[in-house]
Amino acid sequence: MSRHPEVLWAQRSDKVYLTISLPDAKDISVKCDPQGLFSFSAMGVQGESFDFSLELFGKIVPEGCKTNVGLRNIICSIMKEEKGWWKRLLKSEEKPAPYIKVDWNKWCDEDDEDPNSDLASDDDDATYVGQEEESSDDEGLLYLPDLEKARGN
């Protein structure tokens, strides 16, 4: 039986970035179909099988899809066939699977995109492969001890 690794996604007008959290993966296979089907499979460190397929919101250019393998994750840069912002990652309007999450560290809003800069150069792996940043849904919230300090208690 296969399992699903955590998948974080972000986009630019011309690309979608998928970060697959799978440390020390082996036998990595990534397939991009022009109709927007993205398929991934790999073996985990203990021989367990991980795989998933995503039907992306729009069409893609398979020749423009690049994969960078780091120690902790695999980053896939997927070129969109047409420039523009997708309303969501997947074609389906249903809520995405729980292992798919927004990558807030790489997220860029449509009106914030700088046309002269990319998330990272596709040739410069060191800028983003292997980063160990942890993301949390409750970043920026005050925890009770911090709240008490703020009140002077």
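K101 and E6 form a salt bridge in which the closest N and O atoms are 3.1 Å apart. K101 belongs to strand 8 and E6 to strand 1, so this pair ties together parts that are 95 residues apart in sequence. K101 counts as partly exposed because its relative accessibility is 39%. E6 is also partly exposed, with a relative accessible area of 31%. The structure described here is a predicted model.

The protein contains 1 helix and 8 strands. Along the sequence, these elements follow the pattern β-β-β-β-β-β-β-β-α. Of the 153 residues in the protein, 34% are buried.

A search of the whole structure finds 5 salt bridges. One of them joins E48 and R3, whose closest N and O atoms are 3.8 Å apart. This pair links distant parts of the chain: E48 is in the loop between strand 4 (37–43) and strand 5 (49–55), while R3 is in the segment before strand 1, and the two are 45 residues apart. R3 has a relative accessibility of 46% and therefore counts as partly exposed.

A further salt bridge is formed by the side chains of D103 and K106, with an N to O distance of 3.3 Å. Buried residues are those under 20% relative accessible area. D103 has a relative accessible area of 6%, so D103 is buried. K106 is buried as well, with a relative accessible area of 10%. K106 also takes part in a contact through its backbone: the backbone oxygen of K106 is reached by the side chain of R12 at 2.9 Å. R12 is located in the loop between strand 1 (6–11) and strand 2 (15–21). With a relative accessibility of 9%, R12 counts as buried.

On the surface, a patch of negative charge is made up of D109, E110, D111 and D112. D112 counts as exposed because its relative accessibility is 52%, and the cut-off for an exposed residue is over 50%.

Another exposed residue is P98, with a relative accessible area of 72%. P98 lies in the loop between strand 7 (73–79) and strand 8. The C-alpha atoms of P98 and H4 are separated by 9.7 Å, and these two residues are 94 residues apart along the chain.

Backbone angles were examined for two aspartates. The phi angle of D24 is near 55 degrees, which is a positive value in a residue other than glycine. D24 is found in the loop between strand 2 and strand 3 (26–32). At 40% relative accessibility, D24 counts as partly exposed. D27 is not a glycine either, yet D27 has a positive phi of about 50 degrees. In contrast to the loop position of D24, D27 lies in strand 3. D27 is exposed, with a relative accessible area of 61%.

Terms used:
Residues are numbered from 1 along each chain as its sequence is written. This is a predicted model: local features need pLDDT of at least 70, side-chain atom pairs count only at pLDDT 80 or more; totals for chains, interfaces and linings use all residues. Side-chain values use heavy atoms; hydrogens and water are left out. Patches are made of residues with over 30% relative accessible area and no salt bridge: like charges are joined within 9 Å, nonpolar side chains (Val, Leu, Ile, Met, Phe, Trp, Tyr) within 5 Å. Accessible areas come from the Shrake-Rupley method with a 1.4 Å probe; for residues, only the protein chains shown count as cover. A salt bridge is a side-chain nitrogen of Lys or Arg within 4 Å of a carboxyl oxygen of Asp or Glu. Lys and Arg count as positive and Asp and Glu as negative; His and the chain ends are not counted. The place of a charge is taken as NZ of Lys, CZ of Arg, CG of Asp or CD of Glu. Buried means under 20% relative accessible area, exposed over 50%, partly exposed in between (1.4 Å probe, protein chains only). Helices (H or I, at least four residues) and strands (E, at least two) are DSSP runs, numbered from the N terminus. A polar contact is a pair of N or O atoms within 3.5 Å; within protein, one must be able to donate a hydrogen and the other to accept it, and residues adjacent in sequence count only if both atoms are side-chain atoms.
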